[in-house]
Amino acid sequence: MRQVVHVSEKKDFIRWFLHHYELQQKEAAFLLTYLLYNEPLLENVHFVEQIPNSNRAIIISATGVEQPAFRFLKNKRIGHDVESAYFDMKTFPSDDVYMGLYYKDRPACPRFAAVMEGIPMRKQDLVQDQLVGLFAEMILDRALLDFQVSELHKQIDEALANYDQKRFEELVLQLEQLKREYI
């Protein structure tokens, strides 16, 4: 998966796709053909494996796959007509559009892999990922501490059972130090 795909590569892929697949919704071919002749707009079109939770995305499906024929997603609203997507793209040509094309054998298609782009993470996603990572680290730290305390308690019980005062005192000191450091 590449981060930047040249417009000429996108054009070649769209031509190949239109030549090899019949679309469930015929009007979607018009939209793809429009993109072929509008390079500035095509620059902001990103072919992706999965549609992200983004401001603007389009799903187009060929016959023979169990995906929606056409969907236009904008600001958490879903439209089913190609005209809405066309007018939105024409009105806001500099906005990114994430496009999912669904067709038979897509996962194994080298042509799709060549134009597929990564989805940039939004700042909110990065912060959320950092928080989840921090929370996971805290949980692991706590689990490790609980395990260490449990093991010390077992060893203290064993020292008591064996009447080993020296070992008992060492283990109690370790336990107190551990609790001071982490609790």
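**Entry 1. Burial and overall make-up**

I looked up burial and noted that 36% of the 183 residues in the chain are buried, taking buried as under 20% relative accessible area, exposed as over 50% and partly exposed as in between, with a 1.4 Å probe and protein chains only. I record that this is a predicted model, in which local features need pLDDT of at least 70, side-chain atom pairs count only at pLDDT 80 or more, and totals for chains, interfaces and linings use all residues. Residues are numbered from 1 along each chain as its sequence is written, and side-chain values use heavy atoms, with hydrogens and water left out.

I listed 7 helices and 5 strands, both being DSSP runs numbered from the N terminus (helices H or I, at least four residues; strands E, at least two). Along the sequence I read the pattern α-α-α-β-β-β-β-α-β-α-α-α. Of the contacts between residues at least 6 apart in sequence, 67% join residues at least 24 apart; contact means heavy atoms within 4.5 Å.

**Entry 2. The sheet**

I traced an open sheet of 5 strands in the order β1-β5-β2-β3-β4, with mixed pairing; two strands pair if DSSP finds at least two bridges between them. Its edge strands are β1 (45–47) and β4, each of which pairs on one side only. Direction ignored, neighbouring strands are turned by 20° against each other on average; axes are lines fitted to C-alpha atoms, for helices over the stretch in contact, and angles run from 0 to 180 degrees between N-to-C directions.

I then checked which helices pack on the sheet. α2 touches β1, β2, β3 and β5 (97–102), and its direction makes about 120° with that of β2. α4 also packs there, touching β1, β2, β3 and β5, with its direction at about 40° to that of β3.

**Entry 3. Strand β3 and its partners**

In β3 (residues 70–74) I assigned F70, F72 and K74 to the covered face, and R71 and L73 to the uncovered one. β3 pairs with β2 (residues 56–61) in the antiparallel sense over 5 bridges, and I found I58 opposite F72. To β4 (residues 77–79), β3 is joined by 3 bridges, again antiparallel, with I78 in β4 as the bridge partner of L73. The hairpin of β3 and β4 has 2 residues between the strands, and N75 takes a positive phi near 50°.

I noted that the axes of α1 (residues 7–20) and α2 (residues 27–36) come within 10 Å and cross at roughly 150°. The two helices are therefore roughly antiparallel, given that angles over 145 degrees count as such, under 35 as roughly parallel, 65 to 115 as roughly perpendicular and the rest as oblique. K11, I14, R15, F17 and L18 in α1 meet A29, L32, T33, L35 and L36 in α2. I sorted the residues of this contact into 7 nonpolar, 1 polar and 2 charged; Ala, Val, Leu, Ile, Met, Phe, Trp, Tyr, Cys and Pro count as nonpolar, Asp, Glu, Lys and Arg as charged, and the others, Gly among them, as polar.

α2 and α4 (residues 82–91) pack at about 20°, with axes 9 Å apart, which makes α2 roughly parallel to α4. Here E27, A28, F30, L31, Y34 and L35 in α2 meet V82, A85, Y86, M89 and K90 in α4, and the contact has 9 nonpolar, no polar and 2 charged residues.

**Entry 4. D81**

I located D81 in the loop between β4 and α4. D81 is partly exposed, at a relative accessible area of 32%. D81 and E27 are 54 residues apart in sequence and 8.5 Å apart in space, C-alpha to C-alpha.
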